[in-house]
Amino acid sequence: MKRSGQLKFSFGAKVTVVGSRNARDYKVVKDKLDEFQIKTKLKIVSIVTCGYAGTETIARKWAKDNKVQHTMITGETPKERSQRRVLQTDALIAFPNGDDREMNFAIRFAMHRKKTVIIHSTTKK
């Protein structure tokens with residue numbers, strides 16, 4: 001797991017989740033979101049996605065299961081959606097699997113904005 005940025009908030013975290021549209025493993029996403037809360041000692045108070053299948057659908061289910069607010073960013077161009085979701089949150093958790101330009105842009109933009117970025121490697125060893 002790679003991490004950049006420093007968390008600078010104390011009441012809870014707004015997190016955007018990006019990743020593979022082919023992801024189906026709820027446990028992997030759940031475990032990383034739970035781990036984020038344990039390591040940062042912050043409760044996730046909001047999940048922001050663009051509503052894509054796979055990782056983002058799983059994150060939306062996690063939010064529902066944990067009674068956490070979910071916000072879906074729709075419309076606009078992919079670049080504008082990525083910028084909006086990053087600007088509305090404190091951290092980005094990524095589950096990359098392949099070369100997704102929109103996800104890669106969101107990661108780079110979050111790093112540029114000094115957001116906390118956690119990249120979970122989904123490759124098997």
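Let's start with burial. Of the 125 residues in the protein chain, 44% are buried. Keep in mind that this is a predicted model.

Next, the surface. The chain exposes about 7,300 Å². Carbon and sulfur atoms supply 52% of that area.

Now the layout. The secondary structure comes to 4 helices and 6 strands. Read from the N terminus, the order is β-β-α-β-α-β-α-β-α-β. So much for the order; now the contacts.

On to the helices, in two pairs.

Helix α1 covers residues 26–40, and helix α2 covers residues 55–65. Their axes are 9 Å apart. The packing angle is about 60°. Angles from 65 to 115 degrees would count as roughly perpendicular, and those under 35 as roughly parallel. The pair α1 and α2 is therefore oblique. The crossing is right-handed.

Which residues of α1 and α2 make the contact? From α1, they are Y26, V29, K30, L33, D34 and Q37. From α2, they are T55, I58, A59, K61, W62 and D65. By type, the residues of this contact divide into 6 nonpolar, 2 polar and 4 charged.

Let's stop at one of those residues, T55. T55 is found in helix α2. Is T55 buried or exposed? It is buried, with a relative accessible area of 1%. What does T55 touch, leaving aside neighbours within four places in sequence? The list is V17, V18, G19, S20, A23, V29 and F95. T55 and V17 are 38 residues apart in sequence. In space, their C-alpha atoms are 7.5 Å apart.

Now the second pair, α3 and α4. Helix α3 runs over residues 78–87, and helix α4 over residues 101–112. Here the angle is about 40°, and the axes are 9 Å apart. That angle makes α3 and α4 oblique to each other as well. Again, α3 passes α4 in a right-handed crossing.

Who meets whom? On the α3 side we have P78, K79, R81, S82, Q83, V86 and L87. On the α4 side we have E102, F105, A106, F109 and A110. The residues of this contact divide into 7 nonpolar, 2 polar and 3 charged.

E102 is found in helix α4. E102 is buried, with a relative accessible area of 12%. Which residues does E102 touch, not counting those up to four places away in sequence? They are R21, C50, Y52, P78, R81 and S82. P78, R81 and S82 are among the α3 residues that meet α4. Take R81. E102 and R81 are 21 residues apart along the chain. Their C-alpha atoms are separated by 9.0 Å.

Now let's turn to the loops.

First, the loop between α1 and β3, where β3 is residues 44–49. K41 lies in that loop. K41 has a positive phi of about 60°, although it is not a glycine. At 73% relative accessibility, K41 counts as exposed.

K43 is found in the loop between α1 and β3 too. How accessible is K43? The value is 47%, so K43 counts as partly exposed. Leaving aside neighbours within four places in sequence, K43 is in contact with G12, A13, Q37, N66 and V68. K43 and L33 are 10 residues apart along the chain, and their C-alpha atoms are separated by 9.8 Å.

Second, the loop between α2 and β4, where β4 is residues 69–72. K67 lies there. K67 also has a positive phi, of about 55°, and is not a glycine. Its relative accessible area is 77%, so K67 is exposed.

To wrap up, find these on the structure. Start with α1 and α2, crossing right-handed. Move to α3 and α4, also crossing right-handed. Then look for T55, buried in α2, and E102, buried in α4. Finish at K41 and K67, both exposed.

Conventions. Residues are numbered from 1 along each chain as its sequence is written. This is a predicted model: local features need pLDDT of at least 70, side-chain atom pairs count only at pLDDT 80 or more; totals for chains, interfaces and linings use all residues. Side-chain values use heavy atoms; hydrogens and water are left out. Axes are lines fitted to C-alpha atoms, for helices over the stretch in contact, and angles run from 0 to 180 degrees between N-to-C directions. Angles under 35 degrees count as roughly parallel, over 145 as roughly antiparallel, 65 to 115 as roughly perpendicular and the rest as oblique. A crossing is left-handed if the near helix is turned anticlockwise from the far one by less than a right angle, and right-handed if clockwise. Contact means heavy atoms within 4.5 Å. Ala, Val, Leu, Ile, Met, Phe, Trp, Tyr, Cys and Pro count as nonpolar, Asp, Glu, Lys and Arg as charged, and the others, Gly among them, as polar. Buried means under 20% relative accessible area, exposed over 50%, partly exposed in between (1.4 Å probe, protein chains only). Accessible areas come from the Shrake-Rupley method with a 1.4 Å probe; for residues, only the protein chains shown count as cover.
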